[in-house]
Amino acid sequence: MTYLATLPSLLCGLVLCGTDLAHRRVPRATVALGFVIQLLVLVGVGAWTARPWLFMLCTAYGLAAMGMQLGLALLRPGSLGFGDVTVALVIGQALGVFGVRAFVLWWLLMGVLGLIWIWAWNRYARAEPQYQAEATPVKVPFVPVMVCAGLFAAVLG
């Protein structure tokens, strides 16, 4: 039941991965829709399992994740976009169901997978040097890393 309760966030995350990879954009309307649908599902699960505080706890995890991601984005401007910050809200909300262990594991996995992803992206996805002396790095889409790390943290945590 726990894994099914987080299905809206997973589906939203997969859609956002596709748009981030294809267009380097994260639509805020999709994030908002995913957040609201996940919230409604958590309210239903909380009522079904006699844990009415579940949606509040998961929303607090989501807001904490968004706040930490915003802090990281403000520490080094240009490193993370606002889309990365808003996606943390949806993923953190889903991981709230699994508890603090999965939440911390998500951040650790995001760091490790992020370093590997940035290295691989800059190595293999550079713009082709048609008339340039060398290839220029392309902006790295980070939403796939966040979603994969969240998925791994839910399974492992």
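Reply: A contact here means heavy atoms within 4.5 Å. This is a predicted model, in which local features need pLDDT of at least 70 and side-chain atom pairs count only at pLDDT 80 or more, while totals for chains, interfaces and linings use all residues. Residues are numbered from 1 along each chain as its sequence is written, and side-chain values use heavy atoms, with hydrogens and water left out.

Among contacts in the chain between residues at least 6 apart in sequence, 68% join residues at least 24 apart. The chain has 7 helices and 0 strands, where helices (H or I, at least four residues) and strands (E, at least two) are DSSP runs numbered from the N terminus. The radius of gyration, taken over C-alpha atoms, is 17 Å, close to the 15 Å that the globule rule gives for 157 residues, so the chain is as compact as a globular protein of that length; that rule is 2.2 Å times the number of residues to the power 0.38.

Of the 157 residues, 39% count as buried, a term that means under 20% relative accessible area, with a 1.4 Å probe and protein chains only. Q93 is itself buried, with a relative accessible area of 0%. Leaving aside residues up to four places away in sequence, Q93 touches S9, F35, Q38, L39, L42, C58, T59 and G62.

Methods: Buried < 20%, exposed > 50% of the residue type's maximum accessible area, 1.4 Å probe, protein only.
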